[in-house]
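Trainee: I have a model open and want to learn how to read it. Can we go through it together?

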Amino acid sequence: MTDTDDLARELDRAHVFHSWSAQSQTSSLVIASGRGCRVWDHAGNEYLDFSSQLVNVNIGHQHPAVVSAIREQAELLTTIAPSTVNLARGEAAKRIIDHAPEGFRRVFFTNGGADANENAIRLARLATGRDKILSTYRSYHGNTGAAIVSTGDWRRVPNEFARGHVHFFGPYLYRSEFWATTPEQESERALHHLRRVIEAEGPTSIAAVLLETVPGTAGILVPPPGYLAGVRELCDRHGILLILDEVMAGFGRTGRWFAFDGYDVRPDLITFAKGVNSGYVPAGGVVIDEPIAERFDDRVFPGGLTYSGHPLAMASIVATLDAMSSEGVVEHARAIGETAIGPALADLAERYAVIGEVRGEGVFWAVELVADRDTREPLPAAAMGRIKAALVARGLLPFIQDNRIHVVPPCVVTEEEVAEAMAIYDEVLAAETTGGGE
Ligand code: PLP
């Protein structure tokens, strides 16, 4: 610890108001610098980042090409109104479209993921002339007016100021709402449930179904076979649009450019943020299918943001996507999930009864911790708190959500770093299961 670390803590405690926190209980972890999968405080204490911060630093910390691109753009032009034409903005939009399905041509840029969902919802309502948005209870879509009420988790409840939102249960075989015992049953019954919700709500009142392709914060819930295609089919039957939220799952996290590339489904609107530029500069957006975009050729789109297509954000998107392509980052994420992370987590699950289930792909994995493997009762919050503290004490930054450890390193994580992290998880689980913690 140095004086600078102390100063950072002192200023933080005195003046910074933190997200989703009781202000007397915020973290005291100082991060001053980073490189790849590692970060440091001012004193030089090192942490292996297996959280990717908020699951957004897909390309790793301080990628030199992205940092240079931001620096070069800053020297040329740091900001410009969204109504102007700017080369970096066009280049960024083109790079994103190159990864979208055939037929998508246009991107609306936002400052992050919440306002991406906000504007996708606005587009869906304007395009259909309908009001309701259906989304799942196990979801997070952001912290603005409609995005937070689309969110299914507890964060929706103190913020229910927007109207027209209806929730349903998506598939989650390990904690099935449908008494299912196989992925096929879970898929079929979850689709039946959604069909009944649509019928009961009145199909002609529904503008869109909004889904995270792979729900992330809710537990990395990889959809079972046929589910997403079935949702698409229900939407088509009733003239409902499908918005896929790729904010966390997109741009390499699953080992694919878009998570939906692994499924037989074509969305109408795609929302993105995080991995598109690894959060080096705040950015997000909506990729709009042409039949929706062209409705606004002669009609004003009633939405906008001062920083839509901000040059620093755009330059960082271009450099990030170029580096991810030329360095094979997405392919690497896929391979490291298959050959290193998945097998190592399966090995831990064999050795520790506290692990109820391991699921995921790419660099997007959840380890579900349970007090009892038969009843699947979640490990209590006090034990999760001990596990989190023990991981940090051993130099690993974890992503802990409810009773789960999300194993979500940058896409560029190496085999050696995976082995290092697994040894730390192993040690901490051993201490927790033999001694009830340290
Ligand atoms: N959608 C998903 C799936 C997310 O995981 C998040 C953030 O974690 C958001 C939307 C909101 O993004 P932001 O925090 O950039 O507004």
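Mentor: We will take the sheets, a helix pair and the ligand shell in turn.

Mentor: This is a predicted model: local features need pLDDT of at least 70, side-chain atom pairs count only at pLDDT 80 or more, and totals for chains, interfaces and linings use all residues. Residues are numbered from 1 along each chain as its sequence is written.

Trainee: What is the strand order in the open sheet of 4 strands?

Mentor: Strands of a sheet pair through backbone hydrogen bonds, either parallel or antiparallel. Two strands pair if DSSP finds at least two bridges between them. Strands (E, at least two residues) and helices (H or I, at least four) are DSSP runs, numbered from the N terminus. Here the order is 1-2-3-14, with mixed pairing. Strand 1 (33-35) and strand 14 (396-397) are at the edges, each with a single partner strand, so one side of each has no neighbour in the sheet.

Trainee: In which sense do strand 2 and strand 3 pair?

Mentor: Strand 2 (residues 38-40) and strand 3 (residues 46-49) are antiparallel, with 3 bridges. Arg38 has Leu48 in strand 3 as its bridge partner.

Trainee: What is the order in the open sheet of 7 strands?

Mentor: That order is 4-10-9-8-7-5-6, again with mixed pairing. Strand 4 (104-110) and strand 6 (165-168) are its edge strands, each pairing on one side only. Inside it, strand 8 (residues 241-245) and strand 9 (residues 269-272) run parallel, joined by 3 bridges. Asp245 stands opposite Thr271 in strand 9.

Trainee: At what angle do helix 7 and helix 8 pack?

Mentor: Axes are lines fitted to C-alpha atoms, for helices over the stretch in contact, and angles run from 0 to 180 degrees between N-to-C directions. Helix 7 (residues 183-201) and helix 8 (residues 227-238) pack at about 20°, with axes 9 Å apart. Angles under 35 degrees count as roughly parallel, so these two helices are roughly parallel to each other.

Trainee: Which residues meet there?

Mentor: Contact means C-beta atoms, placed from the backbone, within 7 Å. Among the residues that meet are Leu191 and Leu194 in helix 7, and Val231 and Leu234 in helix 8.

Trainee: Which residues come nearest to the ligand?

Mentor: A residue is near a molecule if its C-beta atom, placed from the backbone, lies within 6 Å of it. Of the 16 residues around the ligand, Gly112, Gly113, Ala114, Gly142 and Val247 come nearest. Helix 5 (residues 113-128) gives the largest share of the shell, 3 residues.

Notes
Parallel < 35°, antiparallel > 145°, perpendicular 65-115°, else oblique. Contact = placed C-beta atoms within 7 Å.
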